[in-house]
Amino acid sequence: MTRFLVRRVLGIVPVLLVIVTLVFFMIRLAPGGPFDSERRVSPEIIKNLEAYYNLDAPLHRQYLAYLAQLARGDLGPSFKSAGWSVNELIGLGFPVSLELGFYALLVALSIGLAAGITAARRPNTLQDYAPMSFAMLGICIPNFVLGPLLVLVFSLWLGWLPVAGWEGIEYKILPAITLGASYAAYIARLSRGGMLEILTQDFVRTARAKGLSETRVVFVHALRGGLQPVVSFLGPAAAGLLSGSFVIETVFQVPGLGRLFVQAAFNRDYTMILGTVLFFATLILLFNLLVDVAQAWLDPRLRNQGV
Amino acid sequence: MRSEAQAEKGTSLWQDALHRLMKNRLAVVGACVLATMVALALATPWIVPYAYDAQDLELGASGPSRAHWFGTDRLGRDLLTRVLYGGRISLMVGFAATAVSLLVGVVYGATAGYLGGRTDAVMMRFVDILYALPFTIFVIILMVLFGRNIVLLFVAIGAVQWLTMARIVRGQVMSLKHTDFIDAARVMGFSTSRIILRHLIPNVLGPVIVYTTLTIPNVMLIEAFLSFLGLGVQAPMSSWGVLIKEGADAMEEYPWLLVFPSLALSATLFALNFLGDGLRDALDVRAAKD
Amino acid sequence: MPLLDVENLRTYFHTRNGIVRAVDGVSFSVEKGETLGIVGESGSGKSVCVYSLLGLIPSPPGRIESGAAHFDGSDLLRCTPEELRAVRGKRISMIFQDPMTALNPYMTIGDQVTEPLRVHEGCPKMEARTRAIEMLQSVGIVDGAERLRDYPHQFSGGMRQRVMIAMALIGGPELLIADEPTTALDVTVQAQILDLINNLQQSLGMAVILITHDLGVIASTCDRVLVMYAGRFLESATVHDLFQTPRHPYTEALMASRPSAHAKGETLYTIPGLPPDLSTEIAGCPFAERCRHAVDGCRECELTLEDVAPGHQSACLRVQAGEL
């Protein structure tokens, strides 16, 4: 297991390298620079700025310098937020996104699993159709529609919850629901499918023949296998949830990483763009690794193969 | 017993699938809604009640009425007209970008699967790496850096959507390459092109059709999402995403501006998803989604 | 009084293509300690018949239309789900055809074998463990203590079936239902498993219902045999009588089509025609269409098992009339 983990963690490095290279050159090849829009700045000052940020060096030098910086764990200074390093900005935004993502994940898992398992226990009855129609709704109403609609109803018309901001717990309810809704829908569909497949297996019949209660059959015997599809979905999903959704953070004015990134992209803040991409990619890769580990833990047949 | 009866009737796989699809009421409704949307989009210039940019500043924003079924926006522009024109763009982006992803994905996946071995390993490793790229971020970067034009939008969205298609096609080709009936065809001395045309493609087609149907709503979502952030379709053009964004900004005073474009987008997404699910069941394709 | 007494059991499947009469009015009983064989082709309703008794029929589409199954004073077909659960896995156990899929791949052998004890008797963990090791020992898994932590995929097919048997017998059932217990196994392992079931039956004094399509298995293990065809019983006899003097044309045909009934190189005998479509109602004897002795009366008669010799019943009209 340890060897497997070490190998997988080491395997992440080349992938990150490819991504950095790809994005680095893509940014540099794009027309326009980070200081184009600052009209009042004289050409000399721009020169100075470019020298300060090492933008006047040949491209391959810039690239190597950036890699050297990365190797030290330093994502460099932000081009646009003067005096801030990218590390500091991420450190500022990520905890907020993490918190939001955590609540959203809770929403997604609790609603999604409950709906999916309920539906799978009586397929093709009302108990199946009702939660599954609801899930389809969650998939077909995008979060940038759901968010404003929820604000319209619960904040503006009913006045129960604040419109936007990030202070007390009441500020976190709507963003968490909005972000979690579509994930809940996917989890519901996946867990229903997984459970339905498992519940037709011979070993479930064996469990029933042993005289176990339906609850025990479902939760002790079927659940582990039935949740496999959900677990593989959780890797990319959790990464997406925890990195915060750009739209949610924009709609609800949450000071998270997603919003910082969108701002950075609009401002052509090169280092910030690269830094966030790298950060997100690392998150995704780590979660995928986590999923593989979780799957081996769930399915003993995978354990011996060393994955 | 049932299969014998079907064999007697001589129904082919596709007729059988169509029959099953027609029995799925939701899928039929989805297909009808989609067809209506496409027809409306195609006919938009001839059926809209007002010119696209006709303003009525005196009227300003007004709720739904007999003259303006969906109401008007702040500039007095007819929302129904704008939703119809927006639908044209949204649907066009949906279909065009899906076509890009389809083309790239099928060619890439089929090549990897057919060649196999080391080439396949390298090609699929590349796909794995791209999977680790945060998609939406990637599209955002592309749109910001290379200007916000609509062709780039197709390419950007298509570029991130082809990965799953490539995986599906590769998997199908790989598994088919070694199945008995391909071997049998080879033993019987059929040419490679005949094997590909008559045997491989029909078998790969099912999953590809299903996944394509399910990709279109995804692509439309990304377009709407980008437009919502101001990175997608640019004025004077508009799409459902743009309209939703405008509606969200004005929802406090003029909620209809948010409601109607949202309904149009969601109805189309519903239709496509139901149709895709129906096709998957009818063609008996597994693991085509998620 | 028999241990289990089943009367007029009917289990139908209500499918889109009509009602499939999988089991259509069967009656039988099992005495304490005896081995009853049920033999028939696949699809004849053997498994559905016993699954019905334990409420293991997937419903919908399956439904028990009529019948009673008396087991120790209660009717299994009418008792509450809780009462039935108390019987299942405790007083009546089952083992299944394919030990590859019948064991839960996600749980350890130990958890699965001890589960009946923990659920039915509330047995504490350590005691259940000790009893599981003893039980595994008696089914021939000697290193049970080490293997409790293993998962099913770490066992061979024959070993898995031994685990299944241990799991079925750990609660000390009065009746064991074995549904094609050896069909999925290698020929060499088949005999071992049958021996094991026989030996355990003698030492534990339980009754066994053995379902199989293999007359050879019946001959070597059972006391009494029921011949099933198209959801109905056509003949009931002791193993000795059945093999010596079969009293139904179907049984005769079945015996004649066994490879061992032929000399080497001789063409195998096959019964002409196909089993009837169970989704249409069958009037009279279901075998009439394929029977070379059939007369017009066979397609109209009421099908009943009647004594044709002491302890020997046949559903054949012509045998009952003394014509065959």
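1. A charge is said to sit over a ring if NZ of Lys or CZ of Arg is within 6 Å of the ring centre and within 35 degrees of the ring normal. Keep that rule in mind as you look at B:Lys245, which lies over the face of B:Phe228 at 5.1 Å from the ring centre.

2. A word on the model itself. This is a predicted model, in which local features need pLDDT of at least 70 and side-chain atom pairs count only at pLDDT 80 or more, while totals for chains, interfaces and linings use all residues. Residues are numbered from 1 along each chain as its sequence is written, chains are lettered from A and ligands numbered from 1 in the order in which they are written, and side-chain values use heavy atoms, leaving out hydrogens and water.

3. Let us start with chain A. The C-alpha atoms of chain A fill a box of roughly 85 × 55 × 30 Å along the principal axes.

4. Now see where chains A and B meet. Here 42 residues of chain B are in contact (heavy atoms within 4.5 Å) with 43 residues of chain A. The buried area, meaning the accessible area (1.4 Å probe) that two parts lose on being put together, summed over both, is about 3700 Å² for this pair, and carbon and sulfur atoms give 81% of it.

5. Which residues form the salt bridge between B:Asp277 and its partner in chain A? The partner is A:Arg189, with the closest N and O atoms 2.9 Å apart. A salt bridge here is a side-chain nitrogen of Lys or Arg within 4 Å of a carboxyl oxygen of Asp or Glu, and the rule finds one across this interface. Helix 11 of chain B gives the most to the side that touches chain A, with ten residues.

6. B:Asp277 has a further salt bridge, with B:Arg280 (2.8 Å, N to O). Both residues lie in helix 11 of chain B, three residues apart, about one turn of the helix. Over all chains, the count comes to 28 salt bridges.

7. The structure holds 20 aromatic pairs over all chains, where rings of Phe, Tyr and Trp (its six-membered ring) pair if their centres lie within 6.5 Å. A:Phe24, A:Phe25, A:Tyr63 and A:Tyr66 form one aromatic cluster.

8. Finally, visit C:Arg318, which is placed in helix 12 (residues 317-320) of chain C. A polar atom of its side chain lies 2.6 Å from the backbone oxygen of C:His293. Leaving aside residues up to four places away in sequence, C:Arg318 touches C:His293, C:Val295, C:Cys298, C:Glu323 and C:Leu324.

How values were computed
Helices (H or I, at least four residues) and strands (E, at least two) are DSSP runs, numbered from the N terminus. Rings of Phe, Tyr and Trp (its six-membered ring) pair if their centres lie within 6.5 Å; planes under 30 degrees apart count as stacked, over 60 as edge-to-face and the rest as tilted. A polar contact is a pair of N or O atoms within 3.5 Å; within protein, one must be able to donate a hydrogen and the other to accept it, and residues adjacent in sequence count only if both atoms are side-chain atoms.
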